[in-house]
Amino acid sequence: MGLQKTRLVKSSVYLLSAAAVAIAMNLATPLASLAEYDEALAAKVGADEYGMKSYVMAFLKKGPNRSGTDEERARLQRAHLDNIGRLAKEGKLVLAGPFLNDGELRGIYLFDVKTVEEARALTESDPAIKAGSLVMELVPWYGSAAITQLPELHEKFAKKPI
């Protein structure tokens, strides 16, 4: 009887797993069918035929001047964050954030610009770059044009500003 019970339990688990997969696939189908090509939106965000576009990614790294009092560093960080907000509002910066370790690589920016030169001009407006606290490595990058919608979407999730 013990062997039959074990087989019954295993069969039930397999059936439940199969049912869960079938339900998940059935629930996902309506969502996938809602995703239709939107020519106007694609044109607005500059998407190519694959829904992609070019950006410039910036890797923020520790700069040569990391000194200063706690108060000075806090003011510099506030100015850095304010600059990020300004660039995002201008539509030039679509993604930004720090890495959560204390390594040389401090964070990333994703600029919605066509050239590294344009991104370089924008990075030079950053108070942390001007102060030498951070340096940036700029690289052309190709990714989903949907990323341009992140700043607007982010506002729907943020209870308070950074």
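Helices are DSSP runs of at least four residues, numbered from the N terminus.

**View 1. Histidine 80 sits in helix 3.** The helix covers residues 70-89. Histidine 80 has 7% relative accessibility, so this residue counts as buried. The cut-off for buried is under 20%. Leaving aside neighbours within four places in sequence, histidine 80 is in contact with Leu60, Tyr109, Asp126, Pro127, Ala128 and Leu134.

**View 2. Tyrosine 55 and tryptophan 141 form a tilted aromatic pair.** The structure holds 2 aromatic pairs, and this view shows one of them. The ring centres of tyrosine 55 and tryptophan 141 lie 5.8 Å apart, with 40 degrees between the planes. Tyrosine 55 belongs to strand 1 (residues 52-62), and tryptophan 141 to strand 4 (residues 134-144), so the pair ties together parts that are 86 residues apart in sequence. Tyrosine 55 counts as buried because its relative accessibility is 1%. Tryptophan 141, at 32%, counts as partly exposed.

**View 3. Tyrosine 109 and phenylalanine 111 pair edge-to-face.** Their ring centres are 5.5 Å apart. Their planes stand at 85 degrees, so the pair is edge-to-face. The cut-off for that label is over 60 degrees. Both tyrosine 109 and phenylalanine 111 are buried.

**View 4. Four residues make a nonpolar patch on the surface.** They are Leu95, Leu150, Leu153 and Phe157. Together they have about 360 Å² of accessible area. Leucine 150 lies in helix 6, which covers residues 150-155. Its relative accessibility is 34%, so leucine 150 counts as partly exposed.

**View 5. Helix 1 and strand 1 mark the two ends of the confidence range among the elements.** Helix 1 (residues 2-34) has the lowest mean pLDDT, 46. Strand 1 has the highest, 97. Over residues 4-25 the pLDDT is below 50. Beyond near neighbours in sequence, this stretch has 0 contacts in the model. Where pLDDT is low, the predicted coordinates should not be read in detail. The protein chain averages a pLDDT of 83, and 79% of the residues score at least 70.

Conventions: Residues are numbered from 1 along each chain as its sequence is written. This is a predicted model: local features need pLDDT of at least 70, side-chain atom pairs count only at pLDDT 80 or more; totals for chains, interfaces and linings use all residues. Side-chain values use heavy atoms; hydrogens and water are left out. Patches are made of residues with over 30% relative accessible area and no salt bridge: like charges are joined within 9 Å, nonpolar side chains (Val, Leu, Ile, Met, Phe, Trp, Tyr) within 5 Å. Accessible areas come from the Shrake-Rupley method with a 1.4 Å probe; for residues, only the protein chains shown count as cover. A salt bridge is a side-chain nitrogen of Lys or Arg within 4 Å of a carboxyl oxygen of Asp or Glu. Buried means under 20% relative accessible area, exposed over 50%, partly exposed in between (1.4 Å probe, protein chains only). Rings of Phe, Tyr and Trp (its six-membered ring) pair if their centres lie within 6.5 Å; planes under 30 degrees apart count as stacked, over 60 as edge-to-face and the rest as tilted. Contact means heavy atoms within 4.5 Å. pLDDT is the predictor's confidence in each residue, from 0 to 100.
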